[in-house]
Amino acid sequence: MRLIMQQKTKRDLAYEEIKKLILSGKLSNDMSISENVLAKMLGMSRTPVRDALRRLEMDGFVRIIPNQGVVIREVSINEVKEIYDMRIALEEFVTKELADMLSDKDFSNLEKILKKQEEACKKRTQLPSMKKIVTFIIT
């Protein structure tokens with residue numbers, strides 16, 4: 001098994017930026033916004049924005065209304081807690097499943113990632129996403 005650093009796609013960047021705008025309140029549930037406006041705001045074409053919006057809809061952050069635009073969904077505290085509880089459970093499961101397959105170098109790389117996350121927590125900045133930072137490839 002080896003760790004590979006993964007470059008973010010425009011779709012991933014659009015997803016993260018739009019999600020950040022929603023969570024920060026810059027895009028709120030009382031506004032409807034179009035793909036075109038978001039694309040201009042993010043400085044990219046509509047395709048990655050459209051893909052990001054579909055993903056955000058699946059994640060429950062927005063509702064896409066055909067021919068009308070995108071409506072920001074209000075997320076409750078309970079929904080946020082459920083999402084993070086599920087993420088913790090999944091990450092714990094994957095960690096246990098992969099632990100015996102990892103090399104010393106893999107553990108060293110994981111320690112570096114955890115240090116970055118710890119620093120982000122201390123600075124109260126956005127945590128680096130494990131999914132975006134690293135991809136495990138089982139060979």
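I began at Ile 33 and found that this residue stands opposite Val 70 in S4. I keep in mind throughout that I am reading a predicted model.

**Entry on the sheet.** I then looked up the whole arrangement and found an open sheet of three strands in the order S2-S4-S3, its pairing antiparallel. Strand S2 (32-33) and strand S3 (62-65) are the edge strands, since I see each of them pairing on one side only.

**Entry on S3 and S4.** I next went through the join between S3 and strand S4 (residues 69-72), which run antiparallel and are held by four bridges. **Entry on the hairpin.** Between the strands of the S3 and S4 hairpin I find three residues, and there Asn 67 takes a positive phi near 65°.

**Entry on the helices.** Turning to helix H1 (residues 10-24) and helix H2 (residues 35-42), I noted that their axes come within 11 Å and cross at roughly 100°. Angles of 65 to 115 degrees count as roughly perpendicular, and I therefore record H1 and H2 as roughly perpendicular to each other. Which residues of H1 and H2 meet? From H1 I listed Ala 14, Glu 17, Ile 18 and Leu 21, and from H2 I listed Leu 38, Met 41 and Leu 42. Sorting the contact of H1 with H2 by class, I have six nonpolar residues, one charged residue and no polar ones.

**Entry on aromatic rings.** How many aromatic pairs does a search of the whole structure find? I noted zero. I did, however, look at the ring of Tyr 15, and there I found Arg 55 lying over its face, at 3.6 Å from the ring centre.

Key
Residues numbered from 1 in each chain as written. Predicted model: local features only at pLDDT ≥ 70, side-chain atom pairs only at ≥ 80, totals over all residues. Heavy atoms only, no water. Pairing = 2+ DSSP bridges. Helix = DSSP H or I, 4+ residues; strand = E, 2+ residues; numbered from the N terminus. Phe/Tyr/Trp six-rings, centres within 6.5 Å; stacked < 30°, edge-to-face > 60°. Lys NZ or Arg CZ within 6 Å of the ring centre and 35° of its normal. Axes fitted to C-alpha atoms, helices over the stretch in contact; angles between N-to-C directions. Parallel < 35°, antiparallel > 145°, perpendicular 65-115°, else oblique. Contact = heavy atoms within 4.5 Å. Nonpolar A, V, L, I, M, F, W, Y, C, P; charged D, E, K, R; others polar.
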